[in-house]
Amino acid sequence: MTLQDYARGLGERGLLIVKDRAFGQMNGYPYFIYPNWRGSVIHSLAAVFHFSQNVRPRYLKNQVPDTKLTSGTNPGTLTMTVKVDKLDDGKDSLNRFFQKMGEFTDAAHKMGLTAPGKCPICKQGNCDSLALFPQGYVPTHRACVEQSNFDRIRDAADNSEHGNHGLGILGAFLGAMLGCLLVFLIAMFSGNIYAVLYVVIPLASYYGYKLFKGRMDKTALTSVLIFSILSLFAFEFANFAVVWHRQIGEWLSPAGLFSRYFQIMSGSAMLSDMAMPALFLFFGILLDWNTIKSSNKTYVQNAENQLQTLMVLDPQAPAVPGSEVEKASRNAAAVEGRDSLERFGSAGEGEVLGDDIARQSGKQSFSEALKEYQQQKSQEDSRRKEPPENPQNNDTFDVK
Ligand SMILES: [Zn+2]
């Protein structure tokens, strides 16, 4: 199936499309769809459901033949994958895919599975909307999602304005040293250096930077990487000092430590000492990568991405996507999703599939969010206290 077939088919069914994912609800179950690629062709489509019960795929397997059911890392998540590459006509593939989704949701109904009932943000029931969270596409409150993301965007804008590089670098240094000290103490007391502990050092450095209100831009990642690598040397010198104390019986002064160290250790001895820790640290950095590379840009982008997935929760969601009722409700949801983005001054254009996949949108929307924030700063409090009555009316949000 080509990207065009996929985009057109989901668009015709009125699903909410964000980047290359489509969001909807069927038989009362919220879901999102994503394509799996082989080269430039989509070879399978996956629909991800999240239930309030944890269910093993094999219990549903027989009811939905010719599909692959897998459970996710989050309890309650089930993914149904259907191959589409064998059929040349994208339309047939999609029809078959939605037919399988119908069979799947029927089987889920018979098993008594339900969608989660509590909002992940406020933990209350009576949800009115759906949004994408790390655990899946789940019911929530529109107000909760808007408020939390507005706060994130505001904090990021605030940090961009007032964040301090110097303090952040100090925080990153202290964090890395603290993480290093922890790894060192555990190594001293246990007699082993646990590779997994090296995950701690970059994280501690990152949170140190953040805690000291460093400006969250590229300097954050650079500082974290530099101090994580320097912590290897700190570890090495501390280790040398302890070994020296054990064998000679005296504690070296910092100056003495350096001169003794370079006197005794040859280049190759240093290398063999630090090669393993360096390797561990490298894997630590890889594991932490998604966290330590986060910046204001990422925070705003994440907030925007979640806002774009907002949709009105419809417990009576029809079984067949593409019916008139469903189209109307999806369109309304899509408009509302855009509205909430426009409200935050971001690039709230309806997402057009295909053009959008490769597009790097973070920079532009972030600077816009920042500009908007600065303009609206004084009016923000009153606006947050009095939510506009008519969310369809763009003028309501147009504070100039
Ligand atoms: Zn809530």
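Helix 4 passes helix 10 in a left-handed crossing, meaning that the near helix is turned anticlockwise from the far one by less than a right angle. A quick note before going on: this is a predicted model, where local features need pLDDT of at least 70, side-chain atom pairs count only at pLDDT 80 or more, and totals for chains, interfaces and linings use all residues. Residues are numbered from 1 along each chain as its sequence is written.

Here are the two helix pairs (helices are DSSP runs of H or I, at least four residues, numbered from the N terminus; axes are lines fitted to C-alpha atoms over the stretch in contact, with angles from 0 to 180 degrees between N-to-C directions).

| Pair | Axis distance | Angle |
|---|---|---|
| Helix 4 (residues 142-162) and helix 10 (residues 296-308) | 9 Å | about 160 degrees |
| Helix 6 (residues 200-211) and helix 9 (residues 267-292) | within 7 Å | roughly 40 degrees |

Helix 4 and helix 10 are therefore roughly antiparallel (an angle over 145 degrees). Among the residues in that contact are V145, I153 and A156 of helix 4, and Y299, V300 and L307 of helix 10; contact means C-beta atoms, placed from the backbone, within 7 Å.

Now the cores. The largest nonpolar core has 53 residues, with A22, F23, Y31, F32 and M80 making the most contacts inside it. Such a core is a set of buried Ala, Val, Leu, Ile, Met, Phe, Trp, Tyr and Cys residues joined through C-beta atoms within 7 Å, and buried means 20 or more other C-beta atoms within 10 Å of a residue's own. Helix 3 (residues 90-110) gives the most to this core, with 6 residues. A second, separate core of 22 residues includes A176, I201, Y206 and I285.

Note on methods:
Parallel < 35°, antiparallel > 145°, perpendicular 65-115°, else oblique. Contact = placed C-beta atoms within 7 Å. Buried ≥ 20, exposed ≤ 12 C-beta atoms within 10 Å, placed from the backbone.
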